[in-house]
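Work through the exercises below with the model open. Try each task before you read its solution.

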Amino acid sequence: MKIWLDGGLRDAESARVSVFDHGLTVGDGIFETVKAVDGTTFALTRHLDRLTRSARGLGLPDPDHDEIRRACAAVLEADPTPLGRLRITYTGGYGPLGSDRGDRGTTLVVAVGATARRADSTAVVTVPWTRNERGALTGLKTTSYAENVVALARAHQHGATEALFANTVGQLCEGTGSNVFVVLDGEIHTPPLASGCLAGITRELTVDWTGARETDLPLDVLERADEVFLTSTLRDVQAVHRVDDRELPGAPGPVTAKAMRIFTERAGNDLDP
Ligand SMILES: Cc1ncc(COP(=O)(O)O)c(C=O)c1O
C-alpha cells in the first residue's frame, strides 16, 4: 500500500509524520473522505472545494488542489481497489505542544483503503450529546472528531451503524458522519446548514436531484416521520429501518427508494457533478 505524504508517494510502512504534528497533538487539521469506484473518484471537485473552505475556517493556508489531484491519482494507481475510500488529511503541521500553531508548514497525507458496499437499510440511535451550531468549527470537516468516535461507539453498542445528534436548541442536526433526511406527507426534508450540520456533498446532490426541502425540524420528528434516510459519501442514500426502539418496517419506503434510484442514476451519469 502506498501513501502520499508531503509531495511524494511512499510505502505505507515508512510514511511518517512528526509526533509533534498539530493534527496529532490538538486535532488541528481537516479532512475529506472521497469515494473511488474502479480507481475513479466521485465528486472530487466538490470535496476539494470543501477542503479549502475547511482550511480557511481553521486559518490554514489553502490546500494545493493540483497536488491533491495528483496524489489521489497516484495512490489509486498503486492500489486500484473496486470500491475505495480515499482519505485526504491536511494539518497545521509540526507545532508546539499547546494550541499555538507552528511555522514549519502544513502536513498533507492521502491514503486509500478498500471498503464494502453499504447495506440498503440500517439502524440508527439518537444520542444525548449535542452538536454546537454556533462553534468555531461548525460546518468544518476537522480532525477534531472524538465526539463522533464516542457517539458512534454508542450506536454500535445498540446494534446501530449511526448516531444522530440534535443541536443545542433541540433541532435535528446530523449523524457522526452522515446527514439525515425525513419524509413527511410524501415530502422530503433535511435540516438546514444553520442547524450546525456539515454541508455534506451527498446531501447537496440529494437536495438538488430530489427537490428535498431544507426545514428546521425538532429531534422528535424521528418519532413520526414516515421514512428516514441518511446520506454520505460511503452510504450514498441509505434507508433507516430503526430509530432507537421505533421500527420502520418496509424500509426503504417508496420515497426513499425513489431517492436511492435517482441518486444512483445521476451519480452514474456524472462522476464529478
Ligand atoms: C459530520 C458529518 N456530517 C455529514 C457527513 C456527510 O458528508 P458527505 O456526504 O460529504 O460525505 C460527513 C462526512 O462524511 C460528516 O463527517
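**Exercise 1. State the order of the six strands in the open sheet, and find the strands at its edges.**

Solution. The order is 2-1-6-5-3-4, and the pairing is antiparallel. Strand 2 and strand 4 (40–41) stand at the edges. Each has a single partner strand, so one side of each is left without a neighbour in the sheet. Two terms need their cut-offs. Strands (E, at least two residues) and helices (H or I, at least four) are DSSP runs, numbered from the N terminus. Two strands pair if DSSP finds at least two bridges between them.

This is a predicted model: local features need pLDDT of at least 70, side-chain atom pairs count only at pLDDT 80 or more, and totals for chains, interfaces and linings use all residues. Residues are numbered from 1 along each chain as its sequence is written, and side-chain values use heavy atoms, with hydrogens and water left out.

**Exercise 2. Walk across the sheet and give the number of bridges for each pair of strands, with a residue pair for each.**

Solution. Start at strand 2.

- Strand 2 (residues 8–11) pairs with strand 1 (residues 2–5) over four bridges, antiparallel. Isoleucine 3 has arginine 10 in strand 2 as its bridge partner.
- Strand 1 meets strand 6 (residues 107–114) over two bridges, again antiparallel. Here tryptophan 4 stands opposite valine 110.
- Strand 6 and strand 5 run antiparallel and are joined by eight bridges. Arginine 87 is opposite alanine 111 in strand 6.
- Strand 5 (residues 83–91) and strand 3 pair antiparallel over nine bridges. Phenylalanine 31 has threonine 89 in strand 5 as its bridge partner.
- Strand 3 (residues 29–37) is joined to strand 4 by two bridges, and the two run antiparallel. Alanine 36 faces threonine 41 in strand 4.

**Exercise 3. Find the backbone features at aspartate 6 and proline 252.**

Solution. Take the general rule to begin with. Most residues other than glycine have a negative phi, and most peptide bonds are trans. Now go to aspartate 6. Its phi is positive, about 45°, although it is not a glycine. Aspartate 6 lies in the loop between strand 1 and strand 2. These strands form a hairpin with two residues between them. Next, take proline 252. The peptide bond from alanine 251 to proline 252 is cis, with omega near 0°. Proline 252 is in the loop between strand 15 (246–247) and helix 6 (254–269).

**Exercise 4. Describe the surroundings of the ligand.**

Solution. Begin with the shell. It holds 16 residues, and the closest are Tyr145, Glu174, Ile201, Thr202 and Thr233. A residue counts as near if one of its heavy atoms lies within 4 Å of the molecule. The shell divides into three nonpolar, nine polar and four charged residues. In this division, Ala, Val, Leu, Ile, Met, Phe, Trp, Tyr, Cys and Pro are nonpolar, Asp, Glu, Lys and Arg are charged, and the others, Gly among them, are polar. Strand 9 (172–175) and helix 5 (201–210) each supply at least two shell residues.

Then list polar contacts (pairs of N or O atoms within 3.5 Å).

- Tyrosine 145: a polar side-chain atom lies 2.4 Å from a ligand oxygen atom.
- Threonine 233: a side-chain N or O atom is 2.6 Å from a ligand oxygen atom.
- Isoleucine 201: a backbone N or O atom lies 2.8 Å from a ligand oxygen atom.

Last, the cover. On its own the ligand has 390 Å² of accessible area (Shrake-Rupley method, 1.4 Å probe), and the protein covers 95% of that area.

Methods. A polar contact is a pair of N or O atoms within 3.5 Å; within protein, one must be able to donate a hydrogen and the other to accept it, and residues adjacent in sequence count only if both atoms are side-chain atoms.
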